[in-house]
2 protein chains.
Amino acid sequence: MGLSTAAYSPAGSPTPLGTATARRRSVHQFLRPRRPLLATVRCSVDGAAAVATETPASRKDCFGVFCNIYDLKAEDTTKSWKKLVNIAVSGAAGMISNHLLFKLASGEVFGQDQPIALKLLGSERSFQALEGVAMELEDSLYPLLREVSIGIDPYEVFQDVDWALLIGAKPRGPGMERAALLDINGQIFADQGKALNAVASRNVKVLVVGNPCNTNALICLKNAPNIPAKNFHALTRLDENRAKCQLALKAGVFYDKVSNVTIWGNHSTTQVPDFLNAKIDGRLVKDVIKDTKWLEEEFTMTVQKRGGVLIQKWGRSSAASTAVSIVDAIRSLVTPTPEGDWFSSGVYTTGNPYGIAEDIVFSMPCRSKGDGDYELVSDVLMDDFLWERIKKSEAELLAEKKCVAHLTGEGNAFCDLPEDTMLPGEM
Amino acid sequence: MGLSTAAYSPAGSPTPLGTATARRRSVHQFLRPRRPLLATVRCSVDGAAAVATETPASRKDCFGVFCNIYDLKAEDTTKSWKKLVNIAVSGAAGMISNHLLFKLASGEVFGQDQPIALKLLGSERSFQALEGVAMELEDSLYPLLREVSIGIDPYEVFQDVDWALLIGAKPRGPGMERAALLDINGQIFADQGKALNAVASRNVKVLVVGNPCNTNALICLKNAPNIPAKNFHALTRLDENRAKCQLALKAGVFYDKVSNVTIWGNHSTTQVPDFLNAKIDGRLVKDVIKDTKWLEEEFTMTVQKRGGVLIQKWGRSSAASTAVSIVDAIRSLVTPTPEGDWFSSGVYTTGNPYGIAEDIVFSMPCRSKGDGDYELVSDVLMDDFLWERIKKSEAELLAEKKCVAHLTGEGNAFCDLPEDTMLPGEM
């Protein structure tokens, strides 16, 4: 065949390379958690799970091929890489995460010189699915993805994390009131806030996606008093992206021409997509789109109904574009905001320059130097129409806050939410 | 509030920006298809679908915001971009595509200076889901994604495409024989081959993912005589990636240390993951992994069973890692192969240097200069153990070819496939 051929000679008795345990790397030194240990920590592949030996002071925690030792400093291609970033993702076995995790691993979020560790938080019920996700991450051979661990205890999974992307939340059951959902999910975010407070990096950035995300973020930050409140975000970026797309469509331009779009308020039907400050090709939207009726009535409705229309068409909720908007939200914090533009994020209102009630989480316009932090934009236009709608969303968030007083340490809850303001297409 | 405030004054009567039709861009000049027109072509958003007016010589074809005019040459940031690449994806409403389309749009496949047009092929049944996917692509605001169109007629969707990623295929029904699956899916790929032959770019690259992918690719290329047979690929990259991961795991190294892994043969249980030529840290695998029994027996089994284990764990098939492997397969053709390494692809055997039967599609080791083309690697090791297994996979593909003779223009089909060689976890 004209090929070089190595004689085939079977080796003698197999020589194992050493036990799996010896090769396994101690990724994390776990403090004893503050509450009973729930997590099953495994280093497994293809069903051949091996429960890592636990010692009083430390434990090994990794998945499959990610248990292997590596030394970034020893390689020409990797020695200039940044220090490893630890990213926790809750709801890691769900569909949004199934898109997001691979985006994180590919380098498109944090850059091609930023190695990452993914710490997947799931539930007892979803543990096998978490293993499946970890297997698919193994099979994807992403060079930047250096560590993957899975667990069901936030006190373990959040250990030393630099980012916590809190996607997991209970879906609303049939007939469940929004108040009940606030309570159920609020409890989850209270627990996760406590865990972050106990074990995460002191400068962890927290992005809450699980709904109702603004109030969940508030609960989370209230339970994490040792982490700056400024570090907590509720995701309204998908709403911003949808608003930009609809403005582009109406103006007959490509979406890259739309800037300065703010989503104000709650991630609910009281949210306020702001067309007063938005720009198209650098001009105020009102100078480009003369159809004021559309701007005042249809625009907001269209943005809000988008998720519901998508479910009708596609039969599933918008996991892919939600994951894209999470990527956008993170990138907006780790890359400098383009000159003159801004982005929306649900952030803590205390100290805000707009006169919005303090001590809630409210989506507002932000700018970042790319250091993970942000500042609120002060030079925004305001008119009565915009302000009245902002006040309505503020009133809703203040009412939601009263519903969860038992979870924020502010006394007894009193819940009076007249309307169902869940966005169509969201649980 | 200390904010600049623009007085709120409602505009007079709304001034529409011109009709949607006037703003709509003629993306493609469609030749009349060679067969009855099946496609519904729409420019729609949020359910407000507007069927584009058809004229005898041309028609408009686009989705939502992607109908808007843009001029890449007019912008500082985009004028250095490459010429638009047209990419068709079949099975576009399915889960693999749901991952892949967003990867294509993000620029991670073709690069950050390569604008792309996505042409989504679905079925009548999946048309609404296609609209949902297009809506999520709109909402993702990817700057490189300049055009999206959806359709159900390959003669329209494949018009001028530079890449055709053929993911869609019928799943195997309960009790269906592999021969029946070969026939049903073969028919789809015969039709798509004819359509590519009629309307695609003369240098279109075709990647077949739908199973049985090797024989589907053969059928496709036989029905596209005006397109070089060398341009057709069957996806075996997920198998390669899985093999690399398992070798890394066994050797106790990170997966970036594993190179020169070939998957030989059919994407079925007769496939041959090649550990003879594979290297770990530049050394032959056999010099690193001394457990020959594992290499000869368990390694191949583990690679092949991976998809089945994943379904057990995760409850779904491996859409995410399949999409990653499609990205890898394309990138291996559009970026130069690293010195000394290679990648696997199911390609046309005629002229191969190994002595494998001609005129089938067989996975073999390839190298590329990054121009979209490839050459087979000639300096590979061969031994009896490897060769015998290659011959078994070759025999299977020759038998599959006989089953589809009626679809390749080679007379009457005669089908005698003794074993079920579908990979676990694949339909």
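A salt bridge here is a side-chain nitrogen of Lys or Arg within 4 Å of a carboxyl oxygen of Asp or Glu. By this rule the count comes to 40 salt bridges over all chains. The general idea is that side chains of opposite charge can pair when their charged atoms come close.

Some housekeeping. This is a predicted model, in which local features need pLDDT of at least 70 and side-chain atom pairs count only at pLDDT 80 or more, while totals for chains, interfaces and linings use all residues. Residues are numbered from 1 along each chain as its sequence is written, chains are lettered from A and ligands numbered from 1 in the order in which they are written, and side-chain values use heavy atoms, with hydrogens and water left out.

Now the two chains. The same surface serves both copies, since 99% of the contact residues of chain A recur in chain B.

Next, the interface. Contact means heavy atoms within 4.5 Å, and 91 residues of chain A are in contact with 91 residues of chain B. Together the chains bury about 8200 Å², 59% of it on carbon and sulfur atoms. Buried area is the accessible area (1.4 Å probe) that two parts lose on being put together, summed over both.

Across this interface the rule finds 12 salt bridges. In one of them, B:Glu138 meets A:Arg306 at 2.6 Å, N to O. On the side of chain A that touches chain B, the elements giving two or more residues include α2 (95-106), α3 (127-139), α9 (292-314) and α11 (384-403) of chain A. Helices (H or I, at least four residues) and strands (E, at least two) are DSSP runs, numbered from the N terminus. By class, that side of chain A has 45 nonpolar, 22 polar and 24 charged residues. For the classes, Ala, Val, Leu, Ile, Met, Phe, Trp, Tyr, Cys and Pro count as nonpolar, Asp, Glu, Lys and Arg as charged, and the others, Gly among them, as polar.

Within chain A, A:Asp113 forms a salt bridge with A:Lys82, the closest N and O atoms being 3.8 Å apart. This pair links distant parts of the chain, 31 residues apart: A:Asp113 is in the loop between α2 and β4 (116-121), and A:Lys82 in the loop between β2 (50-51) and β3 (85-90) of chain A.

On to a sheet. In chain B, 3 strands form an open sheet in the order β9-β12-β13, with antiparallel pairing; two strands pair if DSSP finds at least two bridges between them. β9 (258-259) and β13 (283-284) of chain B stand at the edges with a single partner strand each, so one side of each has no neighbour in the sheet. Strand β12 (residues 279-280) of chain B is joined to β13(B) by 2 bridges, and B:Ile280 stands opposite B:Arg283.

Last, the backbone. Most residues other than glycine have a negative phi, and most peptide bonds are trans. The bond from A:Asn211 to A:Pro212 is cis, with omega near -5°, and A:Pro212 lies in the loop between β7 (205-208) and α6 (213-222) of chain A. A:Asp160 has a positive phi of about 65° although it is not a glycine.
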